[in-house]
Amino acid sequence: MGRCHSLQAALFLTCSLFLTLIDANIISGNKQSYIIRVQNDMKPSAFSDVEHWYGSTLRSLSSNPLNSAKSNSIQVETTDLEFLHVYKTVFHGFSARLTEKEAQELASRRGVLSVLPDRLRQLHTTRSPHFLGLDSSASAPANLVSESDSGSNVVIGVLDTGIWPERLSFHDKGMGPIPSFWKGECTQGQDFTKANCNKKIIGARYFTAGYEARIGKIMNSSTDIKSARDSDGHGTHTASTAAGRAVEDASLLGFAKGVAVGIAPKARIAAYKVCWKRGCMDSDILAAFDKAVDDGVNVISISIGGGAVPYNLDPIAIGSFGAMEKGILVSASAGNEGPRQMTVTNVAPWITTVGASTIDRKFPADLVLGNGKRITGASLYSGDPLPDKQLPLVYGGNVSVGIRNGARHSSSFSAATCMPDSLDKERVRGKIVVCDRGGTPRVAKGEVVNEAGGAGVIVANVAPMGEGLIADAHLIPGLGVTESAGNIIRDYINSNNNPTATMAFYGTQLGVKPAPVVASFSSRGPNAESIFVLKPDVIAPGVNILAAWPDGVAPTELSSDTRRTQFNIESGTSMSCPHVSGLAALLKGAHPDWSPAMIRSALMTTAYTQDQQGKMLLDEKSYNVSTVLDMGAGHVDPEKAVDPGLVYDITVDDYLNFLCASNYSGRDIKQIARRPWRCMGKHHKPWDFNYPAISVVIDSTEAAGMGIVQVTRTVTHIGEAPSTYTVLVTNPKGATVTVTPTKIDFREMGQRQSYVVRIKAENLAVTTLSSLVEVGMLNWSDGKHQVVSPLVVVWKQGL
């Protein structure tokens with residue numbers, strides 16, 4: 001998304017939606033799939049159910065052949081009149097294939113609230129439980145694990161690429177009966193029967209209608225299995241990260257060897273396959289939300305995203321709202337578009353948005369240059385080592401195919417990024433090739449080098465990727481290096497007549513410091529849809545995570561990779577999201593009466609912002625101190641989250657009032673909430689929303705010289721004993737903060753108390769279309785608990 005004002009971003013993305021709509025109509029013969037939001041209470045009594053009403057409405061469109069003058073002579077294909085999905089739980093309406101003209105006519109019909117183009121989204125793609133302090137194998141089991149019985153009565157619905165049920169991570173030995181509230185089912189399909197479900201995997205469904213309407217019929221194959229079976233790997237990995245059983249001697253080709261276990265190892269899994277080879281359609285995702293809520297899940301984990309759009313235009317936000325109304329927490333990935341600002345996705349305030357961090361484990365490998373300099377990178381290469389000598393070293397951009405047979409076969413840019421058929425075999429054979437990141441998957445660059453006869457590959461970060469490292473299971477000797485290291489290597493190549501290098505690989509390294517740090521790829525704030533809602537909410541482990549992997553899928557996912565493994569190491573906010581999904585399951589197991597907002601509050605107010613050495617968390621991009629825009633409230637701390645002292649609860653009405661305060665119209669709100677809601681003038685302010693973080697905006701052009709904002713928050717006491725909390729304020733630079741009262745007494749569990757925060761900000765100079773962000777902190781403490789809220793002040797010119 002880049003650096004832009006939220007209104008500009010919204011206009012750009014709205015424009016993009018209509019451009020996508022037009023392009024899709026051209027490509028697919030004037031038909032594309034749409035999601036139609038309907039006001040069900042306007043159903044005429046003549047129709048027995050909404051499906052008949054929806055069908056009659058579609059058939060009544062003027063462009064429908066049944067209504068043309070020649071209808072008697074026209075053979076209408078029934079598929080043109082069928083729904084892709086009918087939504088009844090989190091959303092009221094249906095999806096169907098329509099022409100642009102039909103969509104426009106339908107949008108004008110009474111009872112139709114919105115007609116949204118069906119977008120194609122993409123996935124956001126073990127030691128982490130130990131790193132989080134959840135090692136239940138210790139002599140004294142972690143409180144959260146024991147209090148929740150590892151989440152045994154909680155169901156996590158995973159919306160992803162499906163699941164590989166035969167993995168040991170999903171065995172049900174020793175598990176109790178399936179929870180009595182469960183209403184889901186195990187849907188049969190290709191290579192998947194009811195017998196593939198058990199007391200661990202208690203539900204499995206798949207959704208293809210939207211995808212097939214966009215891409216065409218799925219032909220049964222190893223690349224797209226038409227069932228809940230995973231032929232990609234992503235869904236198996238995320239499901240086992242959230243709730244996998246303990247498996248000993250797990251590793252990827254010998255790397256990260258040990259016990260692999262999910263965060264909530266006894267939680268039940270329901271797999272909802274919504275993603276296929278080319279992506280995930282909004283209409284299918286919304287159908288999965290609808291079924292998951294109706295089935296009875298307690299937590300929904302979704303590692304899928306797209307650009308941020310207004311909430312009423314975002315099916316993930318709409319589906320999540322319906323889930324939240326039913327008491328279901330939705331944990332979603334923040335996206336992998338970092339380190340650029342304003343790239344965070346899944347930003348609705350009722351979604352728990354998760355960024356990514358590192359853990360204290362790395363897979364180091366060195367590039368040793370001919371001048372003796374060692375550059376440390378990362379690698380999961382497990383094959384034969386390079387010859388015991390220095391090899392010639394070249395930069396891909398210097399060995400492009402160039403002109404052959406009178407035609408240019410490759411540009412220096414495509415060769416610099418080692419795109420297919422871009423390298424000159426004569427100048428690459430037997431050499432180590434340096435490839436810039438970008439354009440193709442990192443592991444695919446090694447495949448290109450190998451096909452050109454190269455001996456090894458170095459994948460170098462380029463701006464703005466910075467100093468973040470991700471380890472890959474290269475097919476040939478290879479490693480990844482940072483942006484600064486890439487510059488050093490290219491300088492060495494360009495300044496030497498005969499540059500050489502070799503590589504050394506060191507396996508698995510534990511106890512790495514500093515840890516954690518914010519992953520450079522993790523998408524950053526501010527929130528493009530509402531600057532008053534801090535996003536991401538928290539960060540969690542998402543770099544080099546070991547988890548289960550299906551048969552038939554290579555660890556690199558390359559067709560030329562013949563290796564197979566039961567576990568794989570992956571990185572992305574796709575991996576951090578299921579960590580929080582698992583934590584939410586543990587918290588729900590320990591506190592069944594907690595609302596989704598209370599669970600998120602517990603995670604946010606107990607999150608830490610200092611690493612294991614007591615220093616401020618760093619940003620992997622530059623190894624400078626990270627900010628709330630990078631990490632939200634901080635890194636999750638499970639053992640503190642189980643007993644947070646106080647929580648900030650949010651009701652459905654609170655969310656609706658926030659939408660009113662954010663200038664959503666009554667019609668917009670009805671598209672999200674499935675019911676009318678009356679906005680009461682200027683009574684509500686978006687910064688008065690009871691979020692665990694406080695974010696306010698100051699207009700730097702005000703003439704008064706001081707900007708003053710008053711904020712109200714309400715906390716709920718969840719401790720059993722009476723207690724007194726006192727507040728400690730850390731002022732943001734350029735602002736003075738006062739809190740009234742400064743001391744709050746609680747006599748009983750569940751008691752609610754409010755306080756007022758008054759922020760007086762200096763009139764700081766800000767240039768047009770830019771902003772200045774300063775951060776402070778509120779810390780309510782009773783001597784045992786620390787209930788911490790970030791306090792963000794943003795100066796902008798002309799609100």
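I will go through the confidence of this model and then its disulfides.

This is a predicted model, in which local features need pLDDT of at least 70 and side-chain atom pairs count only at pLDDT 80 or more, while totals for chains, interfaces and linings use all residues. Residues are numbered from 1 along each chain as its sequence is written, and side-chain values use heavy atoms, with hydrogens and water left out.

Confidence first. The protein chain averages a pLDDT (the predictor's confidence in each residue, from 0 to 100) of 89, and 88% of the residues score at least 70. Over residues 1-29 the pLDDT is below 50, and beyond near neighbours in sequence that stretch has 41 contacts, meaning heavy atoms within 4.5 Å. Residues 136-141 are also below 50, with two such contacts.

Now the disulfides, taken as pairs of cysteine sulfur atoms within 2.5 Å. The count comes to four, and with bonded cysteines counted along the chain the pattern is 1-2, 3-4, 5-6, 7-8.

Cys 186 and Cys 197 have their sulfur atoms 2.1 Å apart, and their link is right-handed, with 80° about the S-S bond. Cys 275 and Cys 280 are also joined, sulfurs 2.1 Å apart; that link is right-handed at 105°. Cys 275 is buried at 2% relative accessible area, where buried means under 20%, exposed over 50% and partly exposed in between, with a 1.4 Å probe and protein chains only.

Cys 660 bonds to Cys 679, S to S 2.0 Å, and this link is left-handed at -80°. Cys 660 is buried at 11%, whereas Cys 679 is partly exposed at 29%.
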